Amino acid sequence: MTSVPSATVWGSPTATKHALLLHGLTSSSHTWHKVAPLLVAQGYFVTAPNLLGHGSRRSTDYPISSIVEDLHPYFSQRNYDLIIGHSLGALTIMSLFPYLSQPHPTAIVLVDPPLQVEPEAMAVYYDPMFSDSCINIKSAEVYLTENSLWTPDDGVFRELGTRLCAVEAIHDILKHQPWNFIPMFNTVSPKWKVTVLIADPALYQCCFVDDIKPFPHVRPVSVSGAGHWIQYEFPEVVAEEALKTVAELE
């Protein structure tokens, strides 16, 4: 594993298969520390950028459009065989659909994306919650007591993400309106295969199977026993479903 100013990478740069992994809000590239090695074992070179406003990456403003634009260089360098995003990272991928190579076969896995949020819920609940997580920072130990399936490294990387995230980025990102990414499923290329991993609704609710049902070309997978942080709690499921999505391209 090698860290560079804007990304963490795993595997050999000479690998013939390439995966791009995008983290969520108040997180960092290290959120993929369990999933990436599983993909490397399958022959992938894995790149996980730190999104603008995260991982100590700073700017003058942080709308989702700027985060998307900031990622354009990654797509000018190569096409990716597999792209995975968690939460905000999943929505960023959806916002990147117009910039992906339409003819290139690409497997896309969206991990528990908050596809639609009402403005009042964003202002009253989500913005204060995420902002507070980066102001009154919890220790790794506290995260472990709150999440029984997490490992010590998960707690450390979750704390690190909050420490390196700009509070201004949270405000700018969550100002995005309308917060409705569902119509973007209509722009999926026939050359792509898309899977959406969904948390157990008994534990966390931000992505719903009913929102995906109108799109037969998108495969929803509910992960029993998983909260929002599926990549921490069930990394093998993320990798397994990602490889299944790749296989559908063949």
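Predicted model: local features only at pLDDT ≥ 70, side-chain atom pairs only at ≥ 80, totals over all residues.
Residues are numbered from 1 along each chain as its sequence is written, and local features need pLDDT of at least 70, side-chain atom pairs count only at pLDDT 80 or more, while totals for chains, interfaces and linings use all residues. Side-chain values use heavy atoms, with hydrogens and water left out.

We may begin with the packing of two helices. Helix H5 spans residues 119-135 and helix H8 residues 167-174; helices (H or I, at least four residues) and strands (E, at least two) are DSSP runs, numbered from the N terminus. The two helices pack at an angle of about 160°, and their axes lie 9 Å apart. Here the axes are lines fitted to C-alpha atoms, for helices over the stretch in contact, and angles run from 0 to 180 degrees between N-to-C directions. H5 and H8 are therefore roughly antiparallel to each other, a term for angles over 145 degrees, where under 35 is roughly parallel, 65 to 115 roughly perpendicular and the rest oblique.

On the H5 side, Met-122, Tyr-126, Asp-127, Phe-130, Ser-131, Cys-134 and Ile-135 take part, and they meet Val-167, Ile-170, His-171 and Leu-174 of H8; contact means heavy atoms within 4.5 Å. By class, this contact comprises eight nonpolar, two polar and one charged residues. In this scheme Ala, Val, Leu, Ile, Met, Phe, Trp, Tyr, Cys and Pro count as nonpolar, Asp, Glu, Lys and Arg as charged, and the others, Gly among them, as polar.

Not counting residues up to four places away in sequence, Ser-131 touches Val-167, Ile-170 and His-171. With Val-167, the separation is 36 residues in sequence but 5.8 Å in space, C-alpha to C-alpha.

The cysteines come next. With a disulfide taken as a pair of cysteine sulfur atoms within 2.5 Å, the count comes to zero. Cys-134 is in no disulfide, and the nearest cysteine sulfur, in Cys-165, is 4.1 Å away. Cys-134 is buried at a relative accessible area of 11%. The sulfur of Cys-207 lies 6.1 Å from the closest cysteine sulfur, that of Cys-206, which is too far for a bond; Cys-207 is buried too, at 4%.

Several loop residues complete the account. Ser-27, in the loop between strand S3 (17-22) and helix H1 (35-40), is buried at 2% relative accessibility. Leaving aside neighbours within four places in sequence, Ser-27 contacts His-54, Arg-158, Gly-161 and Trp-229.

Two further serines have a positive phi although they are not glycine: Ser-56, near 65°, and Ser-87, near 55°. Ser-56 sits in the loop between strand S4 (44-49) and helix H2 (64-70) and is partly exposed, at 45%. Ser-87 belongs to the loop between strand S5 (82-86) and helix H4 (88-95) and is buried, at 10%. Finally, a cis peptide bond with omega of about -5° joins Gln-177 and Pro-178, and Pro-178 is found in the loop between H8 and strand S7 (192-199).

Technical notes:
Buried < 20%, exposed > 50% of the residue type's maximum accessible area, 1.4 Å probe, protein only.
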